[in-house]
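Work through the exercises below with the model open. Try each task before reading its solution.

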Amino acid sequence: PVDVDDLSTDLPEHFSLSQNYPNPFNPETVIKFSIPETGYVKGVVYDILGREVTTLLNGDMNSGNHEVKFEANGLASGIYVFRLTTNSGSKHIKMILTK
């Protein structure tokens, strides 16, 4: 992970995970998400076979709107899955890396 930013001070009402942008990407992309309550957050990137590639987030975060940058330097082209788990639930998105 390169950077995690708080986007605003407005508290979201629901847990959400937006599609990464750009998608397809090379070599980096941004993933935006919202969490309604402060708590533990884990964000993991998996390859298409379900193997863990990297952990982008792993710890407590404040409620609000956030974004994390994913740099895929050294990874092969293909489909990857980002899974975000919080106290509010779990969501995932598919990301396409093209080289």
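**Exercise 1. A bridge partner and its strands**

Task: Find which residue in β5 is the bridge partner of Val45, and state how many bridges join β4 to β5.

Solution: 
- Start at Val45. Its bridge partner in β5 is Thr54.
- Place the strands. β4 covers 39–47 and β5 covers 52–61.
- Count the links. Eight bridges join β4 to β5, and the two strands run antiparallel.
- Keep in mind that this is a predicted model.

**Exercise 2. The open sheet**

Task: Give the strand order of the four-stranded open sheet and explain why one side of β5 and of β8 lacks a neighbour.

Solution: 
- Read off the order: β5-β4-β7-β8, with antiparallel pairing.
- Look at the ends. β5 and β8 (89–97) are at the edges with a single partner strand each, so one side of each has no neighbour in the sheet.
- From one strand to the next, it averages 15 degrees.

**Exercise 3. The β3 and β6 pair**

Task: Describe how β3 and β6 are joined, and decide whether β6 is mostly covered or mostly uncovered.

Solution: 
- Locate the strands. β3 spans residues 28–35, and β6 spans residues 64–71.
- Count the bridges. Eight join β3 to β6, in antiparallel fashion.
- Pick one position. Ile31 stands opposite Val68 in β6.
- Check the cover. Six of the eight residues in β6 are buried, so the strand is mostly covered.

**Exercise 4. Salt bridges**

Task: State how many salt bridges the structure holds, and classify the residues Lys69, Glu28, Asp47 and Arg51 as buried, partly exposed or exposed.

Solution: 
- Side chains of opposite charge can pair when their charged atoms come close.
- Apply the cut-off. A nitrogen of Lys or Arg must lie within 4 Å of a carboxyl oxygen of Asp or Glu. The structure holds two salt bridges.
- Take Lys69 and Glu28. Their side chains meet at 3.9 Å, N to O. Lys69 is in β6 and Glu28 in β3, so the pair ties together parts 41 residues apart in sequence.
- Classify this pair. Lys69 has a relative accessible area of 25% and is partly exposed. Glu28, with 34%, is also partly exposed.
- Take Asp47 and Arg51. Their side chains meet at 2.6 Å, N to O.
- Classify this pair. Asp47 is buried at 14% relative accessibility, whereas Arg51 is exposed at 51%.

**Exercise 5. Two loop residues**

Task: Locate Leu49 and Asp10, and find which nonpolar patch includes Leu49.

Solution: 
- Leu49 sits in the loop between β4 and β5. Its relative accessible area is 64%, so Leu49 counts as exposed.
- Ile48, Leu49, Ile79 and Ile96 make a nonpolar surface patch of about 380 Å².
- Asp10 sits in the loop between β1 (4–8) and β2 (16–17). At 56% relative accessibility, Asp10 is exposed.
- Asp10 and Pro36 are 26 residues apart along the chain, and 9.9 Å separates their C-alpha atoms.

**Exercise 6. The whole chain**

Solution: 
- Along the principal axes, the C-alpha atoms fill a box of roughly 35 × 25 × 20 Å.
- Of the 99 residues, 35% count as buried.

How values were computed:
Residues numbered from 1 in each chain as written. Predicted model: local features only at pLDDT ≥ 70, side-chain atom pairs only at ≥ 80, totals over all residues. Heavy atoms only, no water. Buried < 20%, exposed > 50% of the residue type's maximum accessible area, 1.4 Å probe, protein only. Pairing = 2+ DSSP bridges. Patch = residues over 30% accessible without salt bridge, like charges linked within 9 Å, V, L, I, M, F, W, Y side chains within 5 Å. Areas by Shrake-Rupley, 256 points an atom, 1.4 Å probe, with all protein chains shown as cover. Axes fitted to C-alpha atoms, helices over the stretch in contact; angles between N-to-C directions.
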